[in-house]
Amino acid sequence: MDTLSLAEHGPVIPVIVIDRLEHAVPLARALVAGGVKVLEVTLRTPVALEAIAAIAREVPDAIVGAGTLRTAADAAAAKHAGSRFAVSPGFTPELARACEAQGLPLLPGVSTASEVMMASDAGYRFLKLFPATAVGGTSLLKALAGPFPDVVFCPTGGITPQTAPDFLALSNVKVCGGSWLTPADAVKAGDWARITQLAREAGALR
Ligand SMILES: O=C(O)C(=O)C[C@H](O)[C@H](O)COP(=O)(O)O
């Protein structure tokens, strides 16, 4: 899989934190019901890998990947759990090599021009800009378009339904990431209808 194909499924990739394993499948089903198929489950909680495995097994319409990869061990664990792709907040050659060795398509994170150059030297032309809002948001993306006309971005970090359209309007942005589709209170309450509604609204953003 080419990670850029993830952008074909809709304008927003939800960044998901799962604290309780029993939330994984209904949460994924709620997002898919709202038209959001590409799901990034962050490796930030003890149940994240099991959550990815459960979604991969029980929600065939979802394209589930792992977020927050930092190490080669994360790449192996993410692949083993059934992740179809991986997302990292940063870029290291070690992580890139580990993902390649695992056959796990990687969307690496960058926040400076030098990091864009390192990632593109390693063959990556679709990059996560993280933390997008904090490092300069749409102004930075416009500035990066000059020297890097062949690079496209998935900005993530601090983006809201209000600011997402400004990002999505840029020629070097194909999709953006955000946690707002899965608010912690809705997940905790099992309010799957609200999550389906947020997914529908996100799908209409571009
Ligand atoms: O865990 C990761 O891999 C990250 O890189 C961090 C996430 O991309 C941000 O936490 C997005 O969250 P919001 O800013 O709330 O939309």
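The model is predicted, so local features need pLDDT of at least 70 and side-chain atom pairs count only at pLDDT 80 or more, while totals for chains, interfaces and linings use all residues. Residue numbers start from 1 along each chain as its sequence is written. Helices (H or I, at least four residues) and strands (E, at least two) are DSSP runs, numbered from the N terminus.

**Around the ligand**

- The ligand has 15 residues around it, and the closest are Gly-67, Thr-68, Pro-89, Gly-178 and Ser-179. Being near here means that a C-beta atom, placed from the backbone, lies within 6 Å.
- Sorted by class, that shell holds five nonpolar, nine polar and one charged residues. For the sorting, Ala, Val, Leu, Ile, Met, Phe, Trp, Tyr, Cys and Pro are nonpolar, Asp, Glu, Lys and Arg are charged, and the others, Gly among them, are polar.
- Thr-68 sits in the loop between strand E3 (63–67) and helix H3 (72–81).
- Thr-68 is not a glycine, yet its phi is positive, about 65°. Most residues other than glycine have a negative phi.
- Thr-68 counts as buried because it has 20 C-beta neighbours inside 10 Å. The cut-offs are 20 or more other C-beta atoms within 10 Å for buried, 12 or fewer for exposed, and anything in between for partly exposed, with C-beta atoms placed from the backbone.

**The three-stranded sheet**

- An open sheet runs in the order E6-E7-E8, with parallel pairing. Its edge strands, E6 (109–110) and E8 (152–155), each pair on one side only.
- E6 and E7 run parallel and are joined by two bridges; strands count as paired if DSSP finds at least two bridges between them.
- Gly-109 stands opposite Lys-128 in E7.

**The loop between E7 and H6**

- Pro-131 lies in the loop between E7 and H6, and a cis peptide bond joins Phe-130 to Pro-131, with omega about -10°. Most peptide bonds are trans.
- Ala-134 is also found in the loop between strand E7 (126–129) and helix H6 (137–145).
- Leaving out residues up to four places away in sequence, Ala-134 touches Gly-157 and Gly-158. Contact means C-beta atoms, placed from the backbone, within 7 Å.
- From Ala-134 to Glu-8 it's 126 residues in sequence and 26 Å in space, C-alpha to C-alpha.

**Helix H4**

- In H4 (residues 93–102), Leu-95, Ala-96, Ala-98 and Cys-99 are buried. They share the same side of H4 because they cover an arc of only 165° around the axis; the arc is that of the directions from the helix axis to the C-beta atoms.
- Pro-93, Glu-94 and Ala-101 are exposed on the other side of H4.
- The cover over the buried residues of H4 includes H3, strand E4 (86–87) and strand E5 (106–107).
- Just after H4, Gly-103 has a positive phi of about 70°.

**Helix H9**

- H9 (residues 192–203) has 12 residues and reaches 16 Å from first C-alpha to last, close to the expected 16 Å. That expected span is 1.5 Å times one less than the number of residues.
- Ile-195, Leu-198, Ala-199 and Ala-202 are the buried residues of H9. Down the axis of H9 they fall within an arc of 100°, so they line one face of the helix.
- Strand E1 (12–16), helix H1 (21–33) and helix H8 (184–189) are among the elements that cover the buried residues of H9.

Note on methods:
Contact = placed C-beta atoms within 7 Å.
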